[in-house]
Amino acid sequence: MESIVLNVEPRVCNKNEVKRLRKAGKVPAVVYHKGEETVHVCVNELSLDKLVHSSESHIVDLKFPDGESKRSFLKDIQFDQVTDRVIHADFQFFSAGEVLEMEVPTSFTGESPGVVAGGKMQIIQHTLTVKGTPSNIPQQLTIDTSGLELGQTMHINEIPAQTYSGKFEIIGDPETPVVSILAPKVDTGTTETGAEESVEEKVEE
């Protein structure tokens, strides 16, 4: 998995400071690691947006003003319900070789017989949680759908083994649906005019 550098600054933890930071185009965040004290920081909103809206997962090298850099990953993000702006972020430090659990975007490949037959692919899970070491966790979870027929749904326990090749584990309820091939809508042949005529007939009766 590739890494990106994100500059962060320490911040004071209070409501007034949070408001001031957001007006200045910065997002309050926390960084934590099991057994260590939580660190309160802020990050440039535009830089964070690029990370949040990326189609791939990344290791994040948090760079502090004193030049120190610590490896982390984006654990959680909060959005404003009205503006959809990022208003808070959680990062988690990790050490070399540590087993992590993190969300990875899904992508789908392969020619599904169901799609060829006129069906439509419905992506149900746009991200999945995986468990493994950073070097084995992919930036994107590419899932082969070439075995999906019309009307079929693939669940977590049906994801082809070659997707992860024993390098990492997909976390979650095995019966969670991931992607479906929806059958095409059937044209009943009823037209608007036909419907109106049917209503008129009932009125006459």
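1. Start with Asp 80, which touches Arg 85 and Ile 87 once residues up to four places away in sequence are set aside (contact means heavy atoms within 4.5 Å). With a relative accessible area of 28%, Asp 80 is partly exposed; buried means under 20%, exposed over 50%, and partly exposed in between, using a 1.4 Å probe and protein chains only. From Asp 80 to Tyr 164, 84 residues away in sequence, the distance is 34 Å, C-alpha to C-alpha.

2. A word on where this comes from. This is a predicted model, in which local features need pLDDT of at least 70 and side-chain atom pairs count only at pLDDT 80 or more, while totals for chains, interfaces and linings use all residues. Residues are numbered from 1 along each chain as its sequence is written, and side-chain values use heavy atoms, with hydrogens and water left out.

3. The loop between S5 and S6 also holds Asp 84. Have a look at its backbone: phi of Asp 84 is near 70 degrees, a positive value in a residue other than glycine. For background, most residues other than glycine have a negative phi.

4. Moving on to strand S6 (residues 86-93), you'll find His 88 there. His 88 counts as buried because its relative accessibility is 16%. Its side chain makes a polar contact with the side chain of Asp 90, at 3.2 Å (a polar contact is a pair of N or O atoms within 3.5 Å; within protein, one must be able to donate a hydrogen and the other to accept it, and residues adjacent in sequence count only if both atoms are side-chain atoms). Leaving aside neighbours within four places in sequence, His 88 is in contact with several residues, including Arg 11, Ala 29, Val 30 and Asp 76.

5. Another histidine to check is His 40, in strand S3 (residues 39-44). His 40 is partly exposed, with a relative accessible area of 28%. Not counting residues up to four places away in sequence, His 40 touches Glu 9, Pro 10, Arg 11, Cys 13, Ala 29 and Val 30. The C-alpha atoms of His 40 and Cys 13 are 6.8 Å apart in space, with the two residues 27 apart in sequence.

6. Next, the aromatics. The whole structure has 2 aromatic pairs. One of them joins Phe 73 and Phe 94, tilted, at 6.4 Å centre to centre and 45 degrees between the planes. This pair links distant parts of the chain, with Phe 73 in strand S5 and Phe 94 in the loop between S6 and S7, 21 residues apart. As for the cut-offs, rings of Phe, Tyr and Trp (its six-membered ring) pair if their centres lie within 6.5 Å, and planes under 30 degrees apart count as stacked, over 60 as edge-to-face and the rest as tilted. Both Phe 73 and Phe 94 are buried.

7. Then there's Met 154, in strand S11 (residues 153-155). Met 154 is buried, with a relative accessible area of 5%. Beyond its neighbours within four places in sequence, Met 154 is in contact with residues that include Ile 143, Leu 148, Ile 159, Pro 177 and Val 179. Met 154 and Ser 180 are 26 residues apart in sequence and 6.3 Å apart in space, C-alpha to C-alpha.

8. That brings us to Ser 180 itself, which lies in strand S13 (residues 177-182). Ser 180 counts as buried, at 6% relative accessibility. The side chains of Ser 180 and Thr 153 make a polar contact at 2.7 Å. Setting aside residues up to four places away in sequence, Ser 180 touches Lys 120, Met 121, Gln 122, Ile 124, Gln 152 and Thr 153.

9. Last, a serine with another setting. Ser 135 is in the loop between strand S9 (127-132) and strand S10 (141-144). Ser 135 is exposed, with a relative accessible area of 63%. The C-alpha atoms of Ser 135 and Ser 69 are separated by 19 Å, and the two residues are 66 apart along the chain.

Methods. Helix = DSSP H or I, 4+ residues; strand = E, 2+ residues; numbered from the N terminus.
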